[in-house]
Amino acid sequence: MNDKQKKPQKLKARLPRGFVDRSAADIRAVNEMTAKIREVYEHYGFDPVETPLFEYTDALGKFLPDADRPNEGVFSLQDDDEQWMSLRYDLTAPLARHVAENFNEIQLPYRTYRAGYVFRNEKPGPGRFRQFMQFDADTVGAPGVQADAEMCMMMADTLEALGIKRGDYVIRVNNRKVIDGVMDSCGLGGDDNAGRRLGVLRAIDKLDKFGFDGVRLLLGEGRKDESGDFTKGAGLKAEQIDFIIGYLSNDEFYPSSALYAEGFGELSTIENLVRAAGYEEDRIKIDPSVIRGLEYYTGPVYEAELLFDVTNEKGEKVVFGSVGGGGRYDGLVSRFMGQPVPATGFSIGVSRLMTALKNLGKLGQAEVIEPVLVTVMDGDVESMGRYQRMTQELRKAGIRAEMYQGNWKKFGNQLKYADRRGCPVAIIQGGDERADGVVQIKDLIEGKRLSGEIEDNASWREARVAQETVAEGDFVAKVKEILAAQAEDRNRAG
């Protein structure tokens, strides 16, 4: 029998399903985008706040799936006091908890924004992730629909600040009171019809995709698509279907519902307010087909939609669609307070909007210059200190720089590293240069160009413009000069 211990198996590196690693380019693109969003919010007088990634599960709201286990739809764990905590599902429920917990210290109306990751314990798929970033803005303590109108205007201003021109987007506005009034008027009110109402809302939400004929089918028995797949409908009667289609087409539709009348009046007020502020229908539009899914919305709801075409994974031209939305949620803070606390806000899907901006060429265009590389010729402590001091001098001058940290004994590898890294300049000082008080500066961009143009060694020796020797005290100024020349070349190249 072999008593030798088994060799431990090598751990397999694997990314959890539904999660992604982010590259430097993506991180910079998000930072660029969120900085522009933040600037608009600040101009509107909103202030930042941050809530933790975890909340107690019961604080996350009634919109979570109704299931015995509290991690249905969310990622949950039990604390050492046996209380269930969950990663936040959105940024709105944590804000409601924050407001309720600090109600006596908060100045109402409370105008705040925050960006952060949210988590969904759902089946991942193409373009559907379990972790993604949202950027929210909310006003708590403002009961009038002028706060909702302001949110719509701020959404429009945000999209334009990001470079999306008028005609390429629209903010569509509806009211849950209007929708609920329609439901009541055609016999779909009450708890017994909750499932059918959900089917109706899903059907209405497909109006822009399938048109009136497709919605009519989804309100009835169902719809079969081109591939033969069948989607079961809401199962409404013919007169109920006609009633809802009449609402969607706005064909002299006047239901006898006080709730509908209240919601319709609020929409009229919002329309008057935004028009008075100069936001016409090409920017903010009242639209009866807008459906927002979360259960906590109680009044106006709005959605930011991008109208330009993009090519999907099948090579088809499709309208980009929604990149964010929100609405009034007067009951969410009240759950903690036992008193009415009005609130309204919206959320931008950062990853989806970033994809849209990349499609338009509005993001990721900022130039990122890779660091100047200070090479290492000698490995003694004194020399290492000198190279580090040179690196710091470059940084103090506002130049991105790094000192080579790999195996310094193979100098060729340092230049290979600089080439792969895309470094624009290399700084070289060996014993001879140090004795003479000079530094060699290698323009790596110009060197790469010349190496492609010059074929023989004689020509190369005559064209040593890519590497210069300067006094040690002048090397920072020379690096600045080379970087400026490289920038000018890039501008000329377009």
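Me: In this predicted model, Ala, Val, Leu, Ile, Met and Phe are among the residues that count as nonpolar, while Gly counts as polar. How many nonpolar, polar and charged residues does the lining of the largest cavity have?

Reply: M155, L159, A304, V323, G324, F346 and I348 line this cavity. Gly falls in the polar class. By class, the lining comes to 6 nonpolar, 1 polar and no charged residues.

Me: Which elements each supply at least two residues of that lining?

Reply: The cavity has a volume of about 30 Å³. Three elements meet the mark of at least two residues: helix 3 (146-161), strand 12 (317-328) and strand 13 (343-349).

Me: How far apart along helix 2 are E101 and R97, in residues and in helical turns?

Reply: The two form a salt bridge, with the closest N and O atoms 3.0 Å apart. E101 is exposed at 55% relative accessible area, whereas R97 is buried at 17%. Both sit in helix 2 (residues 92-101), 4 residues apart, so the separation is about one helical turn.

Me: Which residues are linked in a network of salt bridges with D157?

Reply: D157 pairs with R283, the closest N and O atoms lying 3.4 Å apart. This pair links distant parts of the chain, 126 residues apart: D157 is in helix 3, R283 in the loop between helix 8 (258-276) and strand 10 (284-286). Both D157 and R283 are buried. The network joins D157 to E160, R166 and R283.

Me: Over which residues does pLDDT stay under 50?

Reply: The chain averages a pLDDT of 88, and 91% of the residues score at least 70. Where pLDDT is low, the predicted coordinates should not be read in detail. The stretch under 50 is residues 460-464.

Note on methods: Residues numbered from 1 in each chain as written. Predicted model: local features only at pLDDT ≥ 70, side-chain atom pairs only at ≥ 80, totals over all residues. Heavy atoms only, no water. 1 Å grid on protein atoms, 1.4 Å probe; cavity = no way out; pocket = protein on both sides within 12 Å on 5 of 7 lines; lining within 4 Å. Points joined across faces, edges and corners; volume = space filled by probe spheres on them. pLDDT = per-residue confidence, 0-100. Contact = heavy atoms within 4.5 Å. Salt bridge = Lys/Arg side-chain N within 4 Å of Asp/Glu carboxyl O. Buried < 20%, exposed > 50% of the residue type's maximum accessible area, 1.4 Å probe, protein only.
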